[in-house]
Amino acid sequence: MLHILSDKYFMEEALREAAKAAVEGEVPVGAVIVSQGRIIARAHNLTEKLRDVTAHAEMLVLTAASDYLNSKYLENCTLFVSLEPCVMCAGALHHSHIGRIVWAADDQKRGFERFGRELLHPKTQVEKGLMAEESSAMLKKFFNERR
């Protein structure tokens with residue numbers, strides 16, 4: 001049985017959010033924010049539904065977590081996201097002072113890391129590749145069905 005507080009458990013929850021996005025016709029990216037071993041916010045891409053280019057999973061989950069904690073700073077929180085954040089999201093993550101980011105699949109075209117980790121807050125820890133195969137498969141399936 002999977003331990004409730006494991007990184008894998010939380011990434012599976014982010015992937016569940018990504019699957020919701022795919023069902024809604026959105027690019028399948030999902031995110032959860034964890035504080036003190038509990039998910040305090042969850043979101044998935046809603047750019048099509050909201051007709052808003054900023055409605056990425058990371059942006060939405062940051063807003064929800066900040067609202068939940070009544071704070072714009074998330075130093076003691078971890079973001080689990082199914083795809084490497086873009087530059088826009090990295091900027092928002094920087095300003096949130098998020099403590100840790102864990103992502104599944106790298107985004108070779110739009111991921112922020114191409115531009116350097118300096119886009120994140122200096123204290124933010126980064127881990128990548130957790131469940132990358134599952135996330136990549138979901139993304140490939142989504143785009144193959146639309147081509």
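1. What radius of gyration does the protein have, and what would a compact globule with 147 residues have? In this predicted model, the protein has a radius of gyration of 14 Å, which agrees with the value near 15 Å that would hold for a compact globule with 147 residues. The C-alpha trace spans about 40 × 40 × 25 Å along the principal axes of the protein.

2. As to secondary structure, the protein holds 5 helices and 5 strands, and these elements run α-β-β-α-α-β-α-β-β-α from the N terminus on.

3. Helix H1 (residues 7–23) and helix H5 have axes that come within 11 Å and cross at roughly 5 degrees; because angles under 35 degrees count as roughly parallel, H1 and H5 are described as roughly parallel to each other. On the H1 side the contact is made by Leu15, Ala18, Ala19 and Ala22, and on the H5 side by Glu134, Ser135, Met138, Phe142 and Arg146. Divided by class, the contact of H1 with H5 has 6 nonpolar residues, 1 polar residue and 2 charged residues.

4. The lining of the largest pocket comprises 9 nonpolar, 5 polar and 8 charged residues.

5. Helix H5 (residues 132–146) gives the most to the lining of the largest pocket, contributing 5 residues, and H5 also takes part in the contact with H1, through residues that include Met138 and Phe142.

Methods
Residues numbered from 1 in each chain as written. Predicted model: local features only at pLDDT ≥ 70, side-chain atom pairs only at ≥ 80, totals over all residues. Heavy atoms only, no water. Helix = DSSP H or I, 4+ residues; strand = E, 2+ residues; numbered from the N terminus. Nonpolar A, V, L, I, M, F, W, Y, C, P; charged D, E, K, R; others polar. Axes fitted to C-alpha atoms, helices over the stretch in contact; angles between N-to-C directions. Parallel < 35°, antiparallel > 145°, perpendicular 65-115°, else oblique. Contact = heavy atoms within 4.5 Å. Rg over C-alpha atoms; globule rule 2.2 N^0.38 Å.
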